[in-house]
Amino acid sequence: MKKILPLLLAVLLSGALSAQTKQSKKTSKNSPNAAWVKNIPAEDVIKWRQHIHQNPELSFQEEQTSKYVEEVLKSLPNIEVIRPAKTSVIGVLKGGKAGKTVAFRADMDALPMQEETGLPISSKVNNVMHSCGHDAHTAMLLGTAATLSKMKDQINGTVYFIFQHAEETPPGGAIDIIKSGALKDVDAFFGMHVLPNFPAGHVGILPEGAASTAQDMFNLVIIGKGSHGSMPHLGIDPIVVGAAIVSALQSIVSRNVEPGEMTVVTIGRFQSGDAFNVIADRAELAASIRTTSEETRKLVEARTKEIIDNITKAYGATYKLDYIPTYPAIQNDAALNAQAQKSAAAILGKEQVFDAPMMTASEDFAYYKEIAPVSFVTLGIGEGAANHNPKFTVDESALQNGVKTQVQIILDYLNKR
Ligand code: NI
């Protein structure tokens with residue numbers, strides 16, 4: 001055993017080394033600008049991420065975070081800073097030659113929850129935590145801006161680094177930035193989201209077309225007529241009406257939506273009544289609805305309204321319905337997606353790029369498509385708790401690959417045309 005072990009190690013090491021040589025050969029062949037990798041401020045990226053992680057702020061309240069981002073951007077050469085909304089920041093880098101305008105977006109807000117990771121860099125703010133990785137997004141995009149700010153002469157066109165507020169809370173921050181007019185010249189938008197349970201530092205290319213879901217919701221109050229539990233004929237029972245509505249809504253996905261088109265209708269809340277022998281006078285329901293195309297989104301809304309209206313009428317009840325559309329689905333542009341895949345493979349090696357499944361979550365990055373085509377990619381951050389979980393953590397070794405990919409995507413978009 002003792003003799004075999006060093007031999008085994010030597011074989012393994014030589015394998016690892018030759019794999020490394022192969023990869024660096026591939027990188028230098030496909031990526032003539034790869035010399036810039038040494039300019040990535042890897043330690044700063046981790047320092048920035050940890051600072052933001054320890055000082056999280058909720059949606060629309062990112063005052064200190066935006067100030068911090070602005071200060072870092074102002075310390076970099078060649079970057080002009082814009083404040084398109086109260087707590088958003090954009091860094092603009094004009095290249096040495098004219099060309100297209102490309103934007104990369106990071107979000108900066110945290111969530112209202114108590115961190116439970118027990119890590120020394122845990123949130124210092126009670127009940128506020130970066131549990132979706134927006135701290136990592138902000139730090140990586142600062143790293144990308146820092147790297148590209150030293151390459152002005154190698155850039156044909158303009159780069160916008162968007163540090164967006166309020167992704168987590170509809171109506172979201174993207175709309176504010178779009179309305180400000182600051183992005184009207186942008187020709188393409190890219191974004192990146194960290195994704196647990198995929199290998200750290202591997203880049204996942206989401207599908208073209210729908211890459212996330214649209215999320216709508218509704219609040220419904222059914223108004224019946226209260227009565228004694230033993231005298232149902234004198235009342236209108238809102239629980240029976242609500243139960244009929246809940247059952248009928250299930251038929252939208254099974255009977256109205258085209259088979260194979262991802263759609264979810266979830267009634268997450270149904271509350272009524274206080275006592276076992278009393279017929280309540282009202283019931284309250286709330287639902288979350290996920291769709292991937294505007295056509296289906298409209299269909300589900302119309303069917304939901306018809307079902308609620310007709311069933312309440314049939315039972316003699318009345319209702320108040322508040323149907324609230326939130327974010328549309330991200331629609332990844334096929335050409336931009338293909339370019340993102342190529343860029344990631346060129347700088348990381350093919351084996352560190354994978355096809356990611358569509359995200360069933362929603363993202364206000366979707367709104368940037370109102371201006372120009374978009375592509376949203378993911379970055380694996382290793383085994384761990386899901387996003388929005390109090391035990392969510394980020395493997396910081398992934399961040400370097402995130403920055404590399406962002407820089408390569410931006411350079412390829414501007415320079416390979
Ligand atoms: Ni997020």
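The following dialogue explains how to read several features of this predicted model.

Me: How many helices and strands does the protein chain have?

Reply: Helices (H or I, at least four residues) and strands (E, at least two) are DSSP runs, numbered from the N terminus. Here the protein chain has nine helices and 16 strands. Its C-alpha trace spans about 80 × 65 × 45 Å along the principal axes.

Me: Which residues coordinate the nickel ion?

Reply: Donors are N, O and S atoms within 2.8 Å of the metal (3.2 Å for Na, K and Ca); water is not among the atoms, so sites may look incomplete. In this model, Cys 132 (SG), His 134 (NE2) and His 193 (NE2) coordinate the nickel ion at 2.2 to 2.3 Å. Their spacing in sequence is C-x1-H-x58-H. His 134 belongs to helix H4 (residues 134-148) and His 193 to strand E5, so the pair ties together parts that are 59 residues apart in sequence.

Me: Is His 134 buried or exposed?

Reply: Buried means under 20% relative accessible area, exposed over 50%, and partly exposed in between (1.4 Å probe, protein chains only). His 134 counts as buried because its relative accessibility is 0%. His 193, at 7%, is also buried.

Me: What lines the largest pocket?

Reply: On a 1 Å grid over the protein atoms alone, a pocket is an open set of points where a 1.4 Å probe fits, with protein on both sides within 12 Å along at least five of seven lines; lining residues have an atom within 4 Å of a point. The largest pocket is lined by 22 residues, and Cys 132, Ala 361, Ser 362, Asn 387 and His 388 lie nearest its centre. Two or more lining residues come from each of strand E5 (188-195) and strand E8 (214-223). E5 gives the largest share, three residues. Domain 1 (36-210 + 329-415) and domain 2 (214-325) each supply at least three lining residues, the bounds coming from an automatic or database domain assignment.

Me: Where is Tyr 368 found, and which residues does Tyr 368 contact?

Reply: Contact means heavy atoms within 4.5 Å. Tyr 368 is in the loop between strand E15 (353-355) and strand E16 (374-380), and is buried at 0% relative accessibility. Leaving aside neighbours within four places in sequence, its contacts include Arg 105, Ile 162, Phe 189 and Val 374. The C-alpha atoms of Tyr 368 and Ala 103 are separated by 9.9 Å, although these residues are 265 apart along the chain.

Methods: Residues are numbered from 1 along each chain as its sequence is written. This is a predicted model: local features need pLDDT of at least 70, side-chain atom pairs count only at pLDDT 80 or more; totals for chains, interfaces and linings use all residues. Side-chain values use heavy atoms; hydrogens and water are left out.
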